[in-house]
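Subject: Structure handover and findings

Hello,

Here is the structure I promised to pass on. Please open it first, then read the notes below.

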Amino acid sequence: MSGEVIKSLIVPAHPHPVLCPEKNEGWQRIRDAYDEARRQIEESDADLIIIYSTLWPSVIGHQIQADPNPKWVMVDADFHDLGSIHYSLRIDSDFSHAWNKANLARGLESRTVAYEGFPVDVGSVVALELLNPNNRIPAVICSTNVYSNRAETTVLAKACQDVIKAQGKKVVAVSVMSLSNRMFTEPIEPHEDRIHSLKDDEWNQKILEFLSEGRLEDIGQLSRTIHDQIRVKKVVAFKPMWWLSAMNGNRNDLTGKVLAYEPIHGAGAAVVVLDPESNGTGDKEYDEDDVDFYGGDRNVLDSGEDDSSPSTNSGPKLYDPVEGKNTVNTNKAPKPVGAYPHARREGDLLYLSGVGPRQPGDNSIPGGPIKDSNGNPLDYDIKAQTKAVVNNIARILEEAGSSLDKVIDVTSFLVDMDRDFSGYNEVWAETLGKVGPTRTTLAIRALPTPIAVEMKVIAKV
Amino acid sequence: MAKGSIVAGCLAPHPPHLVYAENPEQNEPVSEGGWEQLRWGYERLRESLKNIDYDVIVVLSPHWQTYVGTHFIGVEKCTSKSVDPVFPNLFRFNYDLNIDVELARAIHDQAESQGMAVKMMENPDFRVDYGTIVSCHMVRPEWDKPIVSISSNRSLSYYSVEVMQEMMLELGRSTAKAIEESGKKCLLLASNSLSHRHFVTETNPPEDMSKEHIASHAMHLWDMRMIEMMRQGKSQQLIDEMPEFCEQAIAEADGGALTWLLSALDVPEQPAILHGYGTIIGTGNAIMEWPCHSWEE
């Protein structure tokens, strides 16, 4: 049993898509996007929806809803004339209590709440009403602490991950929020709605560009700037991206799709879906402390024309994969370090060249290189490297019309068996271990690039 | 019809801890007391108001936050349960209150005529915010007076303290004019604390007074400065210093209630009465009264 975040969503909090989508074409498109996100959840094997709502501020640490069935009537403080939303939610209170305990264990102030009549915030009500209208999947709702910083918000997500893994949950993580949050301060007619300013719109577009490229961690690290630029200083800062990024392992290579972007009373409302499948790109140019997947020098100032530039510290000269009879090559896998193809088909079998964790495009190494350009050892994350290897294998197999579940034999090479076997083995168990190929693991002195793990694969077509 | 009047204006902070500590029958939780300095301050305020005749309580609470103008409850009867989303362990209060919709609309209309963005709240499912309930309960636990409930427009968030004050000064003038034209006698409540830096942990039990104190010395200095200005009738100076106060003391007066009150009282030069001061989870709270009914005597 392996728990994980299988989908992440960014959704708006305003009640308009629930109560009156027909009054404005943009509000209807937000509603349609919400419906599409709901369909995607229904088609997945998700068994829990976790809401981080910016509209539920807390002071005493974080609060987690633990009432198994909170129900009441929600009326928006501003848009009360649009009507009421009668809600009756299904909460996974076992998970809520476990998350609370995990928060406390990681040093956070935290508590659960379970009181009749507790006012579930408008954002959570709207999101669950549209994403999970029949309570098919239980939910968990967490507050936003008004004083928490990035580190605290990140730890909150890591504590949540602890429980997800322990309980083997398949989770949809939802941040309920606006992008730009400046509304018109006077009533407007529905047809007059637009993003409040050009500046807000430009920033929103940039945020959505990043998200559509799967660059969630970059958005997380831009949060303070975004907050300064396009956020009215209400109770909470632009924190949900910190939480959502940490829930996804602080990655920049998610597969993102913007389902809708529209104004709601001037604020930027977007429905964005982020799937954990790697989009094949690596980390980008931003970095802060405590990033799990630091990719080393990001080559920010380089022209990027020469992938073998020493500044990338990713090893020797790169080659285009050799083309020939029965060869399989793809630009979604890293370039070879010699004259050979990514794979070769013989009969109904595929023989892959040794696959490492380097990323196609920028040649970066998830989890970091094992040494710098002068040969000095660096700390690195073997699990991140191993995950990247498996992802690269998957892309080559996909190019050949095969897939991970058709792998039949693997030979793995580790440069530091004592240090890395455990982490490598853990990722293996979560990925190829579920398929069940035969496996041999060897300790070797070095690999051509500054990586710690490589795999040689045989698979069926 | 005789002219209406404001019989008194009060700074009436709304921490739910005070209702929690008094264990009224409407509230579910129970406590062993706590925050006596403030609760006895409210007792003195109630005693001061005991012989004053008034028809309506008009209250502006920072916990009904609106961003699209200033709103007024326009439903005559409000019955429901108020649960504080921040301190639900302390405040789960069953309320049953009457709204003076006529006066609410009169203030609404007057403010609108002065160019303000205003709106009547007429959804019967709307839940009254806990700030309004706490302040009204502590001032008049009998719940035998109708109220006018005014939202806190968060113009400070969008613009600045100065803009917030300009709007609240106008709302205060509109409130006073509408009251005068209504012929009603009104008690005005500004439902806010002073310095507003919370502790981020809670003692067990919450009423453990050995842990209660102001969040910082700077907050104490600001609170005393503001109280002293009120005690000396320096309302204009208080308004002038409000931007610094809001910024440096993270003051809950940023919601506009105190400025609105002072404006409705015509920026009084008469001294206010301090009935009590105390801290609640680190925030500074003062119970003040401007006894307008006595000023003409």
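One definition to start: a residue is buried if 20 or more other C-beta atoms lie within 10 Å of its own, exposed if 12 or fewer, and partly exposed in between, with C-beta atoms placed from the backbone. This is a predicted model, where local features need pLDDT of at least 70, side-chain atom pairs count only at pLDDT 80 or more, and totals for chains, interfaces and linings use all residues. Residues are numbered from 1 along each chain as its sequence is written, while chains are lettered from A and ligands numbered from 1 in the order in which they are written.

**Trp72(A)**

Trp72(A) counts as buried because it has 22 C-beta neighbours inside 10 Å. It sits in strand 4 (residues 71-74) of chain A. Helices (H or I, at least four residues) and strands (E, at least two) are DSSP runs, numbered from the N terminus. Leaving out residues up to four places away in sequence, Trp72(A) touches Tyr87(A), Gly117(A) and Pro119(A). Touching, or contact, requires C-beta atoms, placed from the backbone, within 7 Å. Phe118(A) is 46 residues from Trp72(A) in sequence; C-alpha to C-alpha, the two are 8.0 Å apart in space.

**Chain A overall**

Chain A has twelve helices and 16 strands. Its C-alpha atoms fill a box of roughly 70 × 45 × 45 Å along the principal axes. Of the 461 residues, 53% count as buried. Among contacts in chain A with a separation of 6 or more, 76% join residues 24 or more positions apart.

**Helix 9 of chain A**

Helix 9 (residues 240-247) of chain A is mostly covered, with eight of its eight residues buried. Among them are Trp242(A), Trp243(A) and Leu244(A). The buried residues of this helix pack against strand 1 (4-11), strand 2 (48-58), helix 5 (150-167), strand 8 (170-176), helix 7 (216-221) and helix 8 (223-230) of chain A. Just after helix 9 of chain A, Gly249(A) takes a positive phi of about 70 degrees.

**The cores**

A nonpolar core is a set of buried Ala, Val, Leu, Ile, Met, Phe, Trp, Tyr and Cys residues joined through C-beta atoms within 7 Å. The largest one holds 180 residues, and Ile51(A), Val140(A), Val174(A), Val271(A) and Val148(B) touch the most other members. Helix 6 (residues 161-182) of chain B supplies the largest share of this core, eight residues. Not counting residues up to four places away in sequence, the contacts of Ile51(A) include Leu128(A), Val140(A), Val174(A) and Val176(A). A second, separate core of 33 residues includes Val355(A), Ile365(A), Ile393(A) and Ala459(A).

**Where the chains meet**

The contact takes 27 residues from chain A and 25 residues from chain B. On the chain B side, strand 2 (56-66), strand 4 (77-83), strand 6 (118-121) and helix 5 (155-158) each give two or more residues. Strand 2 of chain B gives the most, with three residues.

**Chain B details**

Which residues of strand 3 (residues 70-73) of chain B are buried on each side? Thr70(B) and Phe72(B) are buried on one side, and His71(B) and Ile73(B) on the other. Strand 3 of chain B pairs with strand 6 of chain B in the parallel sense, over four bridges. Pairing needs at least two DSSP bridges between two strands. His71(B) has Lys119(B) as its bridge partner in strand 6 of chain B.

- The peptide bond from Asn204(B) to Pro205(B) is cis, with omega near 0 degrees. Pro205(B) lies in the loop between strand 8 (185-190) and helix 7 (217-231) of chain B.
- Trp143(B) is not a glycine, yet has a positive phi of about 55 degrees. Trp143(B) counts as partly exposed, with 16 C-beta neighbours inside 10 Å.
- Asp266(B), also not a glycine, has a positive phi of about 65 degrees. Asp266(B) is partly exposed because 13 other C-beta atoms lie within 10 Å.

Best wishes

Conventions. Two residues are in contact if their C-beta atoms, placed from the backbone, lie within 7 Å.
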